[in-house]
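Hi everyone, and thanks for making time this morning. I'd like to walk you through one chain, so let's get it up on the screen.

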Amino acid sequence: MELLIPFVSFPVLHGKVMHKVGVVSMGVGGLKLTEYLKEQLRLRNLHVSSLYTVHSLKENLCYVAFDYESELKKDNTKASYKVASEGFFTLEKERFQTGEILF
């Protein structure tokens, strides 16, 4: 089970939180990343039957790139993972593009 913790930013002025000014809440968590990866796989015509499978792929293959532009230029970003009930899956650029929605 994934725990979703929304990112909330409060402006602080002279050590006091300014609740009424500029509060931003972003509903991005693990489930959003999993859904995004599922959409990326669907665009590549890789249809995955369960969200658990996509979650396993995300947990085992995806990462956040230190330098996104240099990762895009790399020739080989492929990696494979075997999900017990579904077989082997190979991800390419989705491996580091999934985490980019956090930024």
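**A tour of the chain**

Residues 24 or more positions apart account for 50% of the contacts in the chain with a separation of 6 or more, where contact means heavy atoms within 4.5 Å. Before going on, please note that this is a predicted model, in which local features need pLDDT of at least 70 and side-chain atom pairs count only at pLDDT 80 or more, while totals for chains, interfaces and linings use all residues. Residues are numbered from 1 along each chain as its sequence is written, and side-chain values use heavy atoms, with hydrogens and water left out.

So, the layout. The chain has four helices and six strands; these are DSSP runs numbered from the N terminus, with helices being H or I of at least four residues and strands E of at least two. Reading from the N terminus, the order is β-β-β-β-α-α-α-β-β-α. Of the 103 residues, 26% count as buried. For that term, buried means under 20% relative accessible area, exposed over 50%, and partly exposed in between, with a 1.4 Å probe and protein chains only.

Now let's zoom in on helix α2. Which residues of α2 are buried? They are T53, V54, S56, L57, K58 and L61. The cover over them includes α1 (30-43), β5 (79-83), β6 (87-91) and α4.

Take T53 to begin with. T53 sits in helix α2, residues 51-61, and is buried at a relative accessible area of 0%. Leaving out residues up to four places away in sequence, T53 touches V48, V83, E86 and F89. With E86 there is also a polar contact, side chain to side chain, at 3.3 Å. By polar contact I mean a pair of N or O atoms within 3.5 Å; within protein, one must be able to donate a hydrogen and the other to accept it, and residues adjacent in sequence count only if both atoms are side-chain atoms.

V54, also found in helix α2, is buried at 0% relative accessibility. With residues up to four places away again set aside, V54 touches T34, L37, K38 and V48. The C-alpha atoms of V54 and L41 are 8.9 Å apart, and the two residues are 13 apart along the chain.

On to charges. How many salt bridges does the structure hold? There are five, a salt bridge being a side-chain nitrogen of Lys or Arg within 4 Å of a carboxyl oxygen of Asp or Glu. Another pairs K74 with E71 at 3.0 Å, N to O. Here K74 is partly exposed at 41%, whereas E71 is buried at 10%.

Then there is E92 with K78, whose closest N and O atoms are 3.9 Å apart. This pair links distant parts of the chain, 14 residues apart: E92 is in the loop between β6 and α4, and K78 in the loop between α3 (68-73) and β5. E92 is partly exposed at 30%, and K78 is exposed at 53%.

That's the tour, so over to you for questions!
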